[in-house]
Amino acid sequence: MYFCPDCKEIFSDPGICPRCHKKLVPKLSPEQFASPLVEIFSVRYPSYAELIKELLEKEGIYCVLQGKEWAGAFGGILPDSLGIRVLVPECKTEQAKQLIDAYVGEVNISAHTRICPECGKQINPFELTCPFCKKSVIK
């Protein structure tokens, strides 16, 4: 039995996951099953999502990017309603958030997006209304 390390789909033969395009592995680490995955961050740009995933994995935090497969259909940048969700084990939520907060401040991702003051999701800096919570973002 083989598993996709991203989507956790099970396959009978080794190879590449047709959905995630990741190499299948013979087993998943216990951390991947020890705690449910929770969303800690959402971003529209696949390159930012990959950087965040790399940052977290470098610190030993298992991470799944959900929704990145849609990026190609939209020319590499997802619409506001289809952000790439960054998921980590619930037991690593605080550590992951601290790493991301430090990283976001360092590279200034917010120059390309802004945070909705109501729901905390990343949105296009030109949006007047948050596509997630439907509240006005104008102060």
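Modeller: A contact here means heavy atoms within 4.5 Å. Among contacts in the chain between residues at least 6 apart in sequence, 49% join residues at least 24 apart. This is a predicted model, in which local features need pLDDT of at least 70 and side-chain atom pairs count only at pLDDT 80 or more, while totals for chains, interfaces and linings use all residues. Residues are numbered from 1 along each chain as its sequence is written, and side-chain values use heavy atoms, with hydrogens and water left out.

Colleague: In what order do the elements of the chain run from the N terminus on?

Modeller: The order is β-β-α-β-α-β-β-α-β-β, with three helices and seven strands. Helices (H or I, at least four residues) and strands (E, at least two) are DSSP runs, numbered from the N terminus.

Colleague: What percentage of the residues in the chain is buried?

Modeller: Buried residues account for 37% of the 139 residues. Buried means under 20% relative accessible area, exposed over 50%, and partly exposed in between, with a 1.4 Å probe and protein chains only.

Colleague: Which residues touch the most other members in the largest nonpolar core?

Modeller: They are Ile40, Phe41, Val43, Ile52, Leu56, Val86 and Val88, in a core of 17 residues. A nonpolar core is a set of buried Ala, Val, Leu, Ile, Met, Phe, Trp, Tyr and Cys residues joined through side-chain atoms within 4.5 Å. Strand 3 (37–43), helix 2 (46–58), strand 5 (84–89) and helix 3 (93–107) each give two or more residues to this core. Helix 2 supplies the largest share, four residues.

Colleague: Which residues are buried in helix 2?

Modeller: Tyr48, Ala49, Ile52, Lys53 and Leu56 are buried there. They lie on the same side of helix 2, because they cover an arc of only 135 degrees around the axis; the arc is that of the directions from the helix axis to the C-beta atoms.

Colleague: And what comes just after helix 2?

Modeller: Glycine 60, which takes a positive phi of about 85 degrees.

Colleague: Which residue has a positive phi although it is not a glycine?

Modeller: Lysine 134 does, with a phi of about 65 degrees. Most residues other than glycine have a negative phi. Lysine 134 is found in the segment after strand 7 (122–123).

Colleague: Is lysine 134 buried or exposed?

Modeller: Its relative accessibility is 60%, so lysine 134 counts as exposed.
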